[in-house]
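Please read the numbered points alongside the sequence and coordinates shown here.

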Amino acid sequence: MTTTLAPATTGITNTLTASRLPKWATWAILGGSLAVAAGVFAIVQLSTGGDFSIVGAVFFGTVLFNIMLFALSYLVEGGRQARNRLVTSLVVTAFLIALIPLLSLVWTVLGNGIARFDPAFFSQSMRNVVGEGGGALHAIVGTLLITGTATLISVPVGLLTAIYLVEYGHGALARAITFFVDVMTGIPSIVAGLFAFAFFSLITGDPGIRFGFGGAVALSLLMTPVVVRSSEEMLKIVPNELREAAYALGVPKWLTILKVVIPTSIAGITTGVTLAIARVIGETAPLLLIAGFTSSMNYDLFNNRIMTLPVFVYTQYATPGTDVQAYLDRAWAAALTLVLIVMALNLIARLIAKFFSPKLGR
């Protein structure tokens, strides 16, 4: 007679599934922490008569969330899982804190600029306008003309410099170029404006020269090192095997660069150029020095002053007329337009990187 012993299962637990917080617990703790922080700030607002701080409520609510999540996880899941949850929540918290200034900026500009975001703002200039009305058409056109000209100057120079540094540059000359590119990356924008102003003043003999092409030259000084650096990094990541395969087929080096290296890295190069444009399109100091400002339309970059959006924002905010609110509304609307242009440029850069990057098949 044989007997079968039943497996002893009493007291055995699976440590991978036991003592776990439910999936909804994290979101419930986050919601409760934000609600508590909002309630405390609401009570403070009622007692002091101040304004309700959304940023403060979110910040302290997130801090409370980290503390509560760690404590509950430590009690239920143990110290190891609690530390894991704490580090994860701290990383997410740091990301959200980094987003707070950006979201606050966008919200402020959108809330104040939407009042004058109308067809008249994009179809009229400020000629003969001293109160309400008017628009920023002359500033938008000036921004596009000057920034476009700066791009035409900077992209060829920057791309050819990057090609030299990656493909040909060796020795003292390459090190000197790299050093000066690093120096140019860190120069203040007003120095570029002063250089353009002094340069064209000496050439033309006009100590009060103001014209759009000078502003384009000043912006190109700020844009060129960014183009060089971004293009250089994109050219460096092109595999050497592609170059060697072209050389093995007897293709000369210049044609290899033109037909193999640049097409392979064109998405990254274009993205870097677009981001460089977005970096200089909002510069005010150099354009205020060399391009000046005007209330009339001017399509000629080589004659007379020309208005740009950053300078338009500055002049509207710094020198308001009798109707102060009308000037402030135009300044905020121009700032919103500038933000939208920068966002559009970044979106274009993302799309270019997506559609023009090399497709790697298996």
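1. Helices (H or I, at least four residues) and strands (E, at least two) are DSSP runs, numbered from the N terminus. On that basis His138 belongs to helix 5. The model is a predicted one, in which local features need pLDDT of at least 70 and side-chain atom pairs count only at pLDDT 80 or more, while totals for chains, interfaces and linings use all residues. Residues are numbered from 1 along each chain as its sequence is written, and side-chain values use heavy atoms, with hydrogens and water left out.

2. Overall content. The chain contains 13 helices and zero strands. Read from the N terminus, the order of elements is α-α-α-α-α-α-α-α-α-α-α-α-α. The chain is more spread out than a compact globule, because its radius of gyration is 29 Å, well over the 21 Å that the globule rule gives for 362 residues. Here the radius is taken over C-alpha atoms, and the rule is 2.2 Å times the number of residues to the power 0.38. Along the principal axes, the C-alpha atoms fill a box of roughly 115 × 75 × 35 Å.

3. Burial and surface. Of the 362 residues, 36% count as buried; buried means under 20% relative accessible area, exposed over 50%, and partly exposed in between (1.4 Å probe, protein chains only). The accessible surface of the chain is about 21,100 Å², and carbon and sulfur atoms hold 70% of that surface. These areas come from the Shrake-Rupley method with a 1.4 Å probe, and for residues only the protein chains shown count as cover.

4. Among contacts in the chain with a separation of 6 or more, 72% join residues 24 or more positions apart, contact being defined as heavy atoms within 4.5 Å. The chain carries 21 positive and 15 negative side chains, and the centres of these two sets are 11 Å apart. Lys and Arg count as positive and Asp and Glu as negative, with His and the chain ends not counted. Each charge is placed at NZ of Lys, CZ of Arg, CG of Asp or CD of Glu.

5. Domains. The chain is divided into domain 1 (23–115) and domain 2 (121–356), with bounds that come from an automatic or database domain assignment. The domain centres, taken over C-alpha atoms, are separated by 38 Å. How many residues of each domain are in contact with the other? Seven residues of domain 1 are in contact with six of domain 2.

6. Trp332. This residue is located in helix 13 (residues 324–356). Trp332 counts as partly exposed because its relative accessibility is 27%. Residues up to four places away in sequence aside, Trp332 touches Thr108, Val109, Asn112 and Gly113. Between the C-alpha atoms of Trp332 and Ala150, 182 residues apart along the chain, the separation is 25 Å.

7. Ser104. Helix 3 (residues 79–113) contains Ser104. With a relative accessible area of 36%, Ser104 is partly exposed.

8. Is His138 buried or exposed? His138 is buried, since its relative accessible area is 2%. Apart from neighbours within four places in sequence, the contacts of His138 are Ser125, Met126, Thr294, Ser295, Ser296, Met297, Met307 and Phe312. The C-alpha atoms of His138 and Ala245, 107 residues apart along the chain, are separated by 52 Å. Leu152 also lies in helix 5. Leu152 counts as exposed, at 66% relative accessibility. Leu152 and Thr204, 52 residues apart in sequence, are 23 Å apart in space from C-alpha to C-alpha.

9. Positive phi values. Most residues other than glycine have a negative phi. Asn128 has a positive phi, near 65°, in a residue other than glycine. Asn128 occupies the loop between helix 4 (119–123) and helix 5 (137–168), and Asn128 is exposed, with a relative accessible area of 72%. Asn304, which is not a glycine, likewise has a positive phi, of about 65°. The loop between helix 11 (285–290) and helix 12 (309–318) holds Asn304, and at 60% relative accessibility Asn304 counts as exposed.
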